[in-house]
Amino acid sequence: MTKSEMIEAGVAHELVQKAMAVLLPSMFPIDPRFGQNRTPEIAAGLMVQEVLRHLSRGADLFGSRVMEVGTGSGYVTALLRYVLPHEAVLTSVERIHDLHMQAVDNLAKARAYNSAIATYYGDVNDLIEGNTYDVILLTCGAPRQWAESFLAYAPTVIGPVGNTPNEMMLGTLIRTSPPTWNPMCAVPGANPLKRGTE
């Protein structure tokens with residue numbers, strides 16, 4: 001994807017553009033047996049850009065804590081690690097064991113791992129309890145009520161939200177009363193958020 005195509009699609013942040021130029025989707029294969037799709041390139045870029053936009057509003061970008069729900073192929077994880085300061089802590093969780101292992105392999109081959117990234121296999125509810133984050137990124141689609149439940153652990157939740165796969169809209173939830181929803185674009189077919197592990 002060219003820089004002009006990224007800009008036309010709304011990915012204007014230069015660091016995100018650079019990450020997308022270096023980390024190509026083809027570097028993060030995903031076995032179709034897992035029944036999951038890799039996050040589309042533009043949706044991935046827009047989500048990562050939105051994470052940076054919200055973190056930059058805080059006083060301590062370098063000490064920020066980001067949680068990604070749904071490691072998937074590891075593509076978005078790698079983009080996040082590229083754009084975040086080394087001091088920022090990135091945690092990613094995947095509920096499907098074999099998919100988690102493939103993501104770990106993809107990240108290693110892409111040389112996207114460093115000391116500030118942690119990937120886990122398990123149920124996000126078990127990992128997130130008792131922790132707080134600056135931003136939670138849902139790379140899987142979630143019903144509005146589920147997405148809002150993550151606001152208990154972070155002031156900002158970003159990702160596809162909708163009641164059915166074809167209704168998924170990429171956007172940002174802000175912890176206000178009631179929560180504020182800022183939609184960005186449609187992302188039909190997003191992998192659904194599920195509880196438990198496989």
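These are my notebook entries on a predicted model, taken element by element.

**Ground rules**

I number residues from 1 along each chain as its sequence is written, and my side-chain values use heavy atoms, with hydrogens and water left out. Since the model is predicted, local features need pLDDT of at least 70 and side-chain atom pairs count only at pLDDT 80 or more, while totals for chains, interfaces and linings use all residues.

**Entry: the sheet**

I started with the strands. Helices (H or I, at least four residues) and strands (E, at least two) are DSSP runs, numbered from the N terminus. I count two strands as paired if DSSP finds at least two bridges between them. On that basis 7 strands form an open sheet, in the order E3-E2-E1-E4-E5-E6-E7, with mixed pairing. At the edges sit E3 (117-121) and E7 (180-186), each pairing on one side only. From one strand to the next, the twist averages 15°. For such angles, axes are lines fitted to C-alpha atoms (for helices, over the stretch in contact), and the angles run from 0 to 180 degrees between N-to-C directions.

A reminder to myself: strands of a sheet pair through backbone hydrogen bonds, either parallel or antiparallel. I looked up one pair of each kind.

- E4 (residues 135-138) and E5 (residues 156-161) run parallel and are joined by 2 bridges. Ile 136 has Val 157 of E5 as its bridge partner.
- E6 and E7 pair in the antiparallel sense, over 6 bridges. Here Ile 174 has Thr 180 of E7 as its bridge partner.

**Entry: the turn from E6 to E7**

The hairpin that joins E6 to E7 runs through 5 residues. Pro 178 is in that loop between E6 and E7. Is the peptide bond from Ser 177 to Pro 178 cis or trans? I find it cis, with omega near -5°.

For contact I use heavy atoms within 4.5 Å. Helix H3 (residues 41-55) lies across E1 (65-69), E4, E5, E6 (169-174) and E7, and runs at about 165° to E5. Helix H5 (residues 97-109) also packs on the sheet, where it touches E2 (89-94) and E3. The direction of H5 makes about 155° with that of E3.

**Entry: H4 and what follows it**

My cut-offs: buried means under 20% relative accessible area, exposed over 50%, partly exposed in between (1.4 Å probe, protein chains only). Helix H4 is largely enclosed by the rest of the structure, because 8 of its 9 residues are buried. Among the buried ones are Tyr 75, Leu 79, Arg 81 and Val 83.

I took a closer look at Thr 77, which is in H4. Thr 77 counts as buried, at 0% relative accessibility. What is Thr 77 in contact with, leaving aside its neighbours within four places in sequence? I get Glu 68, Thr 71, Leu 90, Ser 92, Leu 107 and Ile 117.

Ala 88 lies in the loop between H4 and E2, and it is buried with a relative accessible area of 0%. Its C-alpha atom is separated by 17 Å from that of Ile 128, 40 residues apart along the chain.

Next I checked Thr 91, in strand E2. Thr 91 counts as buried at 10% relative accessibility. With neighbours within four places in sequence left aside, its contacts include Val 66, Met 67, Ala 118 and Leu 127.

**Entry: the cavity**

A cavity is a set of points, on a 1 Å grid over the protein atoms alone, where a 1.4 Å probe fits but cannot get out; lining residues have an atom within 4 Å of a point. Grid points are joined across faces, edges and corners, and a volume is the space filled by probe spheres set on the points.

How many cavities of 30 Å³ or more are there in the whole structure? My search finds 1. The largest cavity holds about 280 Å³ of space and is lined by 28 residues. Nearest its centre lie Gln 36, Gly 70, Thr 71, Glu 94 and Cys 140. H4 (75-83) and E2 each supply at least two residues of that lining.

**Entry: cysteines**

I wanted the disulfide count, taking a disulfide as a pair of cysteine sulfur atoms within 2.5 Å. The count comes to 0. For Cys 140, the nearest cysteine sulfur is that of Cys 185, 16 Å away. Cys 140 is buried, with a relative accessible area of 10%, whereas Cys 185 is partly exposed at 24%.

Terms used:
1 Å grid on protein atoms, 1.4 Å probe; cavity = no way out; pocket = protein on both sides within 12 Å on 5 of 7 lines; lining within 4 Å.
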